[in-house]
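Subject: Structure handover and notes

Hello,

Please find the structure below. My notes on it follow.

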Amino acid sequence: MRVDFYQLTRDPAEKLLPVLAEKTLEAGNRLAVIASEELLRDNISDQLWTRKAESFLAHDIAGGDNDARQPILLFPDAPDAPQAFANGAQFLVIADSKWRPDMLQGAYRLERIFYLFAPDHIDEARQSWKSLKDQDGITRHYWRQEGRRWIEAG
């Protein structure tokens with residue numbers, strides 16, 4: 001499993017998330033997004049609908065009748081395994097800066113986690129980074145924002 005740490009210094013999660021979502025869908029994968037605050041979920045949803053004037057990224061809030069059909073599904077918290085993600089997502093964005101180590105469990109069948117964290121969660125992110133250091137099958141990547149670009153840092 002690959003875990004990408006994104007330190008949000010310039011843009012909030014709802015600005016980065018559509019970029020990650022678009023690339024995920026282009027690669028033929030489905031995406032689950034966890035954002036515990038309703039306002040954040042609403043902002044993410046708005047950005048997925050309106051980021052590009054000529055298109056939108058189809059999605060829904062989890063708990064509806066058509067969850068399995070959604071390429072992107074937004075959750076207030078991690079669903080209980082074993083049903084995991086109703087849309088079959090193997091990619092996950094943790095958008096609310098709250099690391100969830102349970103998501104590393106095999107029952108979720110994730111291939112990749114994008115952990116977006118705000119500056120006031122840097123200590124939690126560092127601890128999470130360290131906790132993953134020696135775990136078999138996990139590769140860690142750290143991204144920082146430099147101007148408008150994201151740069152992979154050591």
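First, a definition: a residue is buried under 20% relative accessible area, exposed over 50%, and partly exposed in between, using a 1.4 Å probe and protein chains only. By that scale Asp 123, at 57% relative accessibility, counts as exposed.

Now the ground rules. This is a predicted model, in which local features need pLDDT of at least 70, side-chain atom pairs count only at pLDDT 80 or more, and totals for chains, interfaces and linings use all residues. Residues are numbered from 1 along each chain as its sequence is written, and side-chain values use heavy atoms, with hydrogens and water left out. Helices (H or I, at least four residues) and strands (E, at least two) are DSSP runs, numbered from the N terminus.

Strand β4

Start with β4, residues 72-75. Ile 72 and Leu 74 point one way. Leu 73 and Phe 75 point the other way. All four of these are buried. In general, side chains in a regular strand alternate between the two faces of the sheet.

Two strands count as paired if DSSP finds at least two bridges between them. Strand β2 (residues 31-34) runs parallel to β4, joined by four bridges. There, Ile 34 has Phe 75 of β4 as its bridge partner. Strand β3 (residues 60-61) also pairs with β4 in the parallel sense, over two bridges. Ile 61 is the bridge partner of Leu 74.

Helix α3

Helix α3 spans residues 122-132. Ala 125, Ser 128 and Leu 132 are buried in it. Seen down the axis of α3, its buried residues fall within an arc of 65 degrees, so they line one face of the helix. That arc is taken from the directions from the helix axis to the C-beta atoms. The other side of α3 carries the exposed Asp 123, Arg 126, Gln 127 and Lys 130.

What covers the buried residues? Strands β1 (2-7), β6 (112-117) and β7 (139-146) are included in that cover. Contact here means heavy atoms within 4.5 Å.

Leu 132 has a relative accessible area of 0%. Leaving aside neighbours within four places in sequence, Leu 132 is in contact with Val 3, Phe 5, Trp 99, Leu 104, Ile 138 and Arg 140. Its C-alpha atom is separated by 22 Å from that of Asp 80, which is 52 residues away along the chain.

His 141

His 141 lies in strand β7. At 18% relative accessibility, His 141 counts as buried. With neighbours within four places in sequence set aside, the contacts of His 141 are Arg 2, Val 3, Asp 4, Phe 5, Trp 129 and Glu 152.

Salt bridges

A salt bridge is a side-chain nitrogen of Lys or Arg within 4 Å of a carboxyl oxygen of Asp or Glu. How many are there by this rule? The count comes to nine. Three of them follow.

- Arg 112 and Asp 4: the closest N and O atoms are 2.7 Å apart. Arg 112 lies in strand β6 and Asp 4 in strand β1, so the pair ties together parts that are 108 residues apart in sequence. Asp 4 is buried, at 0% relative accessibility. Arg 2, Asp 4 and Arg 112 are linked in a network of salt bridges.
- Asp 77 and Arg 100: the N to O distance is 2.9 Å. Asp 77 lies in the loop between β4 and β5 (91-94) and Arg 100 in the loop between β5 and β6, so the pair ties together parts 23 residues apart in sequence. Asp 77 is partly exposed, at 43%. Arg 100 is buried, at 11%.
- Arg 126 and Asp 123: the N to O distance is 3.8 Å. Both lie in helix α3, three residues apart, about one turn of the helix.

Largest pocket

A pocket is an open set of points on a 1 Å grid over the protein atoms alone, where a 1.4 Å probe fits, with protein on both sides within 12 Å along at least five of seven lines. Lining residues have an atom within 4 Å of a point. About 340 Å³ of space lies in the largest pocket. Of the 17 residues that line the largest pocket, Leu 16, Val 19, Leu 20, Lys 23 and Trp 150 are the closest to its centre. The elements giving two or more residues to the lining are α1 (13-26), β6 and β7. Helix α1 gives the most, with six residues. The volume is the space filled by probe spheres set on the points, which are joined across faces, edges and corners.

Best wishes
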